[in-house]
Amino acid sequence: MKAIGYKQALPINNPESLIDIELPQPTASGHDLLVSVKSIAVNPVDYKIRQNVTPEADAYKVLGWDAVGEVVAIGDSVTQFKPGDKVFYAGDLNRQGGNAEFQLVDERIVGHKPKSLSDSEAAALPLTAITAWELLFERLAIKQQLPDTKEQSKDIILIIGAAGGVGSILVQLASALTGATVIATASRESSANWVKKLGADYVIDHSKPLVAQIEQLNIGQVTHVASLTHTDSYLDSYVELLAPMGKIALIDDPESLDISKLKAKSLSLHWEFMFTRSMFTADDMIEQHHILNKVSDLIDQGYIQTTVGKHLGTINAANLRAAHEELESGKSIGKIVLEGF
């Protein structure tokens, strides 16, 4: 089968950083689905692993943790899917990724693809949707409400870096499924317009001091922070802004955080990493199957939309290198997708 992989951790401008290769087609067993991959999306986790993880001797590492495809074979323990089903998923960091014609993935972290979306539109969603869902409803424990009957709550959530992949779906979920007031941050006009379109109640500029901007809104104290980038730079602002007993959830990788600053207000800090359930085969691993199916239903019912920012063409090494380069620049809006081999 065709695949894109690498043998050495190299800068993206090196043509060997991602190369077109041929690998044996895998075989499904146990809880695994064998999926014929149709479309993929690219995430920061892809370039972080490419930069820092060297494969075992003479082996290729295949990246890619967002995929849409068709089930072509199933293991003997599979109960949720059958051959011919259209699926979407983020996969498991412990295994080979979706930058290949065929991929094995555990059914417990797979959902049914939204019927109303194209393959590339659906590929933009799994990793970021699971991350945003877990962050909002499990880490921050914001009350989930039904879209058509939701009532305004006292919750005020600040989303830092709202125009990126996770932020783009998090703004929508918070707007559609909670009664919270949503403050999104964006530093450019294009990204500010994007998050307004997705449902943010207020937009502020994270390149300027946060506290003064939020005080000018005159809406009360922030109760929850979704810190999607540069958490170490903003921690002091969070401590100042948050109401007592407020909550911070982060997804980035700060080198250090002085959590003693949280004590006076009894603030809590929560880390969200959507691969935890699959990496450790958690008892509730199937929750990600349920989350993806809920997201699929919300899409098909029109409550949330895909977050595709750019389509870079077919799935090959050259196009994937371009996708990595754009993500590494930190200026991409929404998700980058590729489709077909």
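The tour starts with the overall view and then moves to helix α5.

This is a predicted model: local features need pLDDT of at least 70, side-chain atom pairs count only at pLDDT 80 or more, and totals for chains, interfaces and linings use all residues. Residues are numbered from 1 along each chain as its sequence is written, and side-chain values use heavy atoms, leaving out hydrogens and water.

**Stop 1: the whole chain.** The protein chain has 10 helices and 15 strands. These are DSSP runs, numbered from the N terminus: helices are H or I with at least four residues, strands are E with at least two. The C-alpha trace spans about 60 × 45 × 35 Å along its principal axes. Of the 341 residues, 53% count as buried. Buried means under 20% relative accessible area, exposed over 50%, and partly exposed in between (1.4 Å probe, protein chains only).

**Stop 2: the buried face of α5.** Select residues 189-198, which form helix α5. Now colour its buried residues: S191, A192, W194, V195 and L198. Seen down the axis of α5, they fall within an arc of 160°, so they line one face of the helix. That arc is taken from the directions from the helix axis to the C-beta atoms.

**Stop 3: the other side.** Which residues of α5 are exposed there? Select E189, K196 and K197 to see them.
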